[in-house]
Amino acid sequence: MSINKLKELAGKYSLSDEIVDQREKDRLSFVEHFTIIELKNLSIDQFAQGTDDNSFCYWLEFKKIGFGIGGGNASKFGIYKTKNKEEIVYATGYGKNKTYLVDQAAKDYFSDLINKIIKALDYTRGDKTDKIRELEIPMWNMVLQKILGIYYPDKFLTIGSPTVLIKCAKELGIQNIEHSSDNSILINYECKKAISKNPQFSKWSYEKIGTFIWETFDGENKKRKRKRKESKQYWLYAPGENAYLWDEFYQGGFMGLGWD
């Protein structure tokens with residue numbers, strides 16, 4: 001798909017002002033609650049998933065801001081709070097790679113993590129997005145990308161899917177960067193820059209551009225969704241590692257996801 005074809009599709013596209021305004025209002029609620037200046041003073045409990053519904057990571061996952069990052073497990077945030085036997089501790093990794101951290105070790109890990117996130121934000125502000133990958137931040141790319149996009153929405157598409165971003169980059173002829181999921185942040189940045197250069201999109205909000213690109217390049221996913229409606233779906237469910245919570249959940253008559 002050339003930029004000309006994209007422009008043609010854009011001429012027929014609309015997104016209500018109400019939706020755009022609400023999404024921007026939601027984004028602003030995040031940056032006002034967690035100002036970029038105060039990030040360096042964020043405590044580990046104010047950051048970590050598993051503390052309370054007012055933590056930085058809780059807001060990232062459960063507040064309707066930007067694109068969704070639900071699913072997976074809590075290790076996507078780098079460090080999180082969980083239960084080790086009867087003790088509540090911090091952990092990194094998941095499954096066989098899970099490591100429990102206590103006291104100073106957890107604080108040191110978090111300090112390194114938040115400092116790298118702040119550095120990534122600095123790189124984004126200075127349009128040095130290509131340097132972010134060198135930081136090797138122990139956090140899922142999709143999560144980091146969402147953080148960067150919340151604070152600098154005009155520099156990224158509101159899209160977290162590497163598949164869609166790579167597809168967009170190829171169709172736009174962006175060939176000077178590696179097309180891999182590990183490089184999705186830079187791919188996102190370059191796609192947004194290439195699209196925003198075009199006068200037709202210059203007056204579009206970041207939200208309208210992101211939604212338009214998502215709907216344009218997510219055609220294969222739409223096909224899968226249509227196919228799903230025609231057949232019965234089955235889910236394989238295991239509560240906890242090796243289903244260790246099965247008896248408790250079965251007896252209580254409930255299911256739980258995201259047990260960490």
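Reader: Which residue follows α7, and is its phi positive or negative?

Author: That residue is G173, and its phi is positive, near 80 degrees. Before we go on: this is a predicted model, where local features need pLDDT of at least 70 and side-chain atom pairs count only at pLDDT 80 or more, while totals for chains, interfaces and linings use all residues. Numbering starts from 1 along each chain as its sequence is written, and side-chain values use heavy atoms, with hydrogens and water left out.

Reader: What makes α7 a helix, and where does α7 run?

Author: Helices are DSSP runs of H or I with at least four residues, strands are runs of E with at least two, and both are numbered from the N terminus. Helix α7 covers residues 162-171.

Reader: Which residues of α7 are called buried, and what covers them?

Author: V164, L165, I166, C168 and A169 are the buried ones. Buried means under 20% relative accessible area, exposed means over 50%, and partly exposed is in between (1.4 Å probe, protein chains only). Their cover includes α6 (141-151), α8 and α9; contact here means heavy atoms within 4.5 Å.

Reader: Why are α8 and α9 called roughly perpendicular?

Author: Their axes cross at roughly 110 degrees and come within 12 Å. Axes are lines fitted to C-alpha atoms, for helices over the stretch in contact, and angles run from 0 to 180 degrees between N-to-C directions. Under 35 degrees counts as roughly parallel, over 145 as roughly antiparallel, 65 to 115 as roughly perpendicular, and the rest as oblique. The pair α8 and α9 is therefore roughly perpendicular. As for where they are, α8 spans residues 184-196 and α9 spans 206-217.

Reader: Which residues meet there, and how many of them are nonpolar?

Author: K192, I195 and S196 in α8 meet Y206, I209 and I213 in α9. By class, that contact has four nonpolar, one polar and one charged residues. Ala, Val, Leu, Ile, Met, Phe, Trp, Tyr, Cys and Pro count as nonpolar, Asp, Glu, Lys and Arg as charged, and the others, Gly among them, as polar.

Reader: What makes a group of residues a nonpolar core, and how many residues has the largest one here?

Author: A nonpolar core is a set of buried Ala, Val, Leu, Ile, Met, Phe, Trp, Tyr and Cys residues joined through side-chain atoms within 4.5 Å. The largest in this model has 67 residues, with F47, F56, Y151 and I213 making the most contacts inside it. Helix α5 (residues 103-125) supplies the largest share, nine residues. Y151 touches R27, F30, V31, F34, T35, I36, L39, F56 and L121, leaving aside residues up to four places away in sequence.

Reader: Why do β1 and β3 count as edges of the sheet?

Author: The sheet is open, has three strands in the order β1-β2-β3, and pairs antiparallel. β1 (80-84) and β3 (99-101) each have a single partner strand, so one side of each is left without a neighbour in the sheet. From one strand to the next, the twist averages 55 degrees.

Reader: How do you know that the strands really pair?

Author: Two strands pair if DSSP finds at least two bridges between them. β1 and β2 (residues 87-92) have five, in the antiparallel sense, and three bridges join β2 to β3, also antiparallel. Over in β3, L101 stands opposite Y90.

Reader: And what do the two turns look like?

Author: The hairpin of β1 and β2 has two residues between the strands, and K85 in that turn has a positive phi of about 60 degrees. The β2-β3 hairpin has six residues between its strands, and G93 in the turn has a positive phi of about 70 degrees.
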